[in-house]
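Thank you all for coming.

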Amino acid sequence: MKFMMFVCTDTEPETSEAGVPAIEQWVADTYDKGRAVMGERLAPATTATTVRVRGGELLLTDGPFAETTEVICGFDILECADLDEAIEIARSHPMAYHGRLELRAFDPLNL
Amino acid sequence: MKDALAAAAQESYGRIVATLIRVTGDWDLAEDCAQEALATALEKWPGEGVPANPGGWLMTVARNRAIDVLRRATVEQRKLREVLLLSAEAKESEEWDDDRLRLIFTCCHPALSLEARVALTLRTVCGVPTGEIARVFLVAEPTMTRRLTRAKTKISTANIPYRVPSGPALSERLPGVLAVIYLLFTRGYTNDGEPAFADEAIRLARLLRRLMPDQPEAAGLLALCLLQHSRRRARRDAAGHLLTLDQQDRTLWDHEAIASGLALLPTAGRGAYATQAHIAAEHTRSPADWPAIAGWYDRLVALQPTPVVRLNRAVAHGFAYGPARGLDLLAEARAGGALDGYAPATAAEAELTARLGDRIRAELLFRTAADETTSPAERHALLGRATEMEDA
């Protein structure tokens with residue numbers, strides 16, 4: 001099953017560099033073994049555009065929909081048997097140390 | 001009859017739920033069918049007598065109930081096939097044990113909040129009614145129902161696996177399971193000074209010990225629970241006030257539990273639960289061997305360097321090597337303002353100071369501790385000690 005892994009910043013990152021894995025290693029381990037389908041870094045949250053339609057009118061907002069100190073800075077779509085496998089992949093990502101990762105299982109609409 | 005049913009129910013509920021979850025993946029179905037089986041037994045056994053194999057009887061009723069439900073829901077064909085296959089494995093064997101272990105590890109998954117883990121374990125593994133869990137957690141029953149539903153929903157939608165982890169993951173996950181069981185043991189003391197779920201916790205610890213014989217900390221936890229629980233009838237006086245160990249009537253101790261706890265110690269390793277069990281074991285001896293107790297506290301501080309453990313270590317050293325040594329270690333434990341305003345720390349300092357002979361300072365400290373405590377019984381006792389200092 002698929003999991004969305006949001007890669008986020010965190011206000012209290014790990015201060016030590018010891019034991020932090022290299023992103024190249026993580027990509028090789030994860031993508032080469034088919035445990036992730038796609039992923040990318042995202043442009044800064046300050047460049048986000050929020051879109052809403054209210055009363056038939058298009059409303060655009062400059063910036064993310066919620067002002068928070070932790071922001072999503074990238075994502076990966078994982079292909080895992082279960083949450084434990086997804087946690088194993090997430091814990092070996094450098095941003096588990098420098099930031100935080102949020103795992104959400106896909107809940108398919110089957111449209 | 002009621003006792004026979006209660007015993008069979010306690011023993012069977014978790015197994016039935018665990019097995020039905022494995023084959024159907026449906027937590028609500030599993031719980032409903034297990035409850036239905038118990039209700040059927042309550043209805044039939046008083047007239048027909050308790051069957052030779054109550055556990056097997058209950059499992060069969062629950063399984064047939066699951067088949068009925070799934071037959072009606074035609075979309076559940078896969079689950080139905082699995083339950084039909086279940087009839088072949090009537091043997092109450094390792095398979096059942098494995099299922100219960102899977103259920104425990106899933107209920108105690110670290111992706112669930114600690115409160116949810118404790119509640120789910122009580123409800124699903126031990127079969128404790130939701131209302132009773134709600135009372136101990138001091139929430140309304142509908143709140144607890146919602147909490148349990150949310151936890152079960154997370155298990156299925158987040159795809160938390162129904163299995164016991166293996167290899168390095170097991171040693172990472174086992175402490176979390178043990179912590180839930182120990183929290184069950186210590187959580188919510190009743191008016192009799194007995195933890196509300198102590199029996200369930202001990203049953204679980206026993207099960208874990210039996211199912212994971214090569215995990216020393218499982219033995220350590222069981223030993224600790226048994227040794228602490230052995231004093232449950234001696235803990236309070238007639239007025240309900242807590243008694244210290246040397247004030248307790250030792251004939252009220254559960255000597256069978258003590259013997260079982262002591263027998264486990266050689267296999268319990270040297271982890272935190274085992275170390276606390278050794279301390280509890282030393283306290284069953286009379287007179288207490290304080291240098292031995294102090295030694296175990298040194299080890300516990302190395303494993304769990306918390307201010308409260310350091311405080312207890314200071315007290316033990318005070319008894320073993322004199323009050324001056326105790327006060328030195330207490331000052332270390334207080335470093336950085338830890339334990340400030342914490343009545344047990346102030347009371348310990350007062351006792352050590354009194355033994356050192358400084359009654360004026362001791363009296364002041366007893367009065368400070370009496371101000372700090374929130375327990376009226378404790379305040380009463382501390383003020384009594386302060387007056388004794390004055391009178392001397």
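Predicted model: local features only at pLDDT ≥ 70, side-chain atom pairs only at ≥ 80, totals over all residues.

Residues are numbered from 1 along each chain as its sequence is written, and chains are lettered from A and ligands numbered from 1 in the order in which they are written.

The pair I began with belongs to strand E3 (residues 49-54) and strand E4 (residues 57-62) of chain A, which pair in the antiparallel sense over six bridges; strands count as paired if DSSP finds at least two bridges between them. Two residues lie between E3(A) and E4(A) in this hairpin, and in the turn Gly55(A) has a positive phi of about 60°. How many of the six residues of E3(A) are buried? The count is zero, where buried means that 20 or more other C-beta atoms, placed from the backbone, lie within 10 Å of the residue's own.

Stepping back to the whole of chain A, we find three helices and six strands, both taken as DSSP runs numbered from the N terminus, with helices (H or I) of at least four residues and strands (E) of at least two. From the N terminus on, their order is β-α-β-β-β-β-α-α-β. Of the 111 residues in chain A, 16% are buried.

Turning to chain B, helix H11 (residues 216-229) has 13 of its 14 residues buried. The end C-alpha atoms of H11(B) are 20 Å apart, which agrees with the 20 Å that its 14 residues should span at 1.5 Å a residue, the expected span being 1.5 Å times one less than the number of residues.

Further along chain B, the axes of helix H15 (residues 307-321) and helix H16 (residues 323-333) come within 7 Å and cross at roughly 170°, the axes being lines fitted to C-alpha atoms over the stretch in contact, with angles from 0 to 180 degrees between N-to-C directions. That crossing makes H15(B) roughly antiparallel to H16(B), since angles over 145 degrees count as such. Among the residues that make this contact are Leu311(B) of H15(B) and Leu329(B) of H16(B), and contact here means C-beta atoms, placed from the backbone, within 7 Å.

Terms used: Buried ≥ 20, exposed ≤ 12 C-beta atoms within 10 Å, placed from the backbone. Parallel < 35°, antiparallel > 145°, perpendicular 65-115°, else oblique. Contact = placed C-beta atoms within 7 Å.
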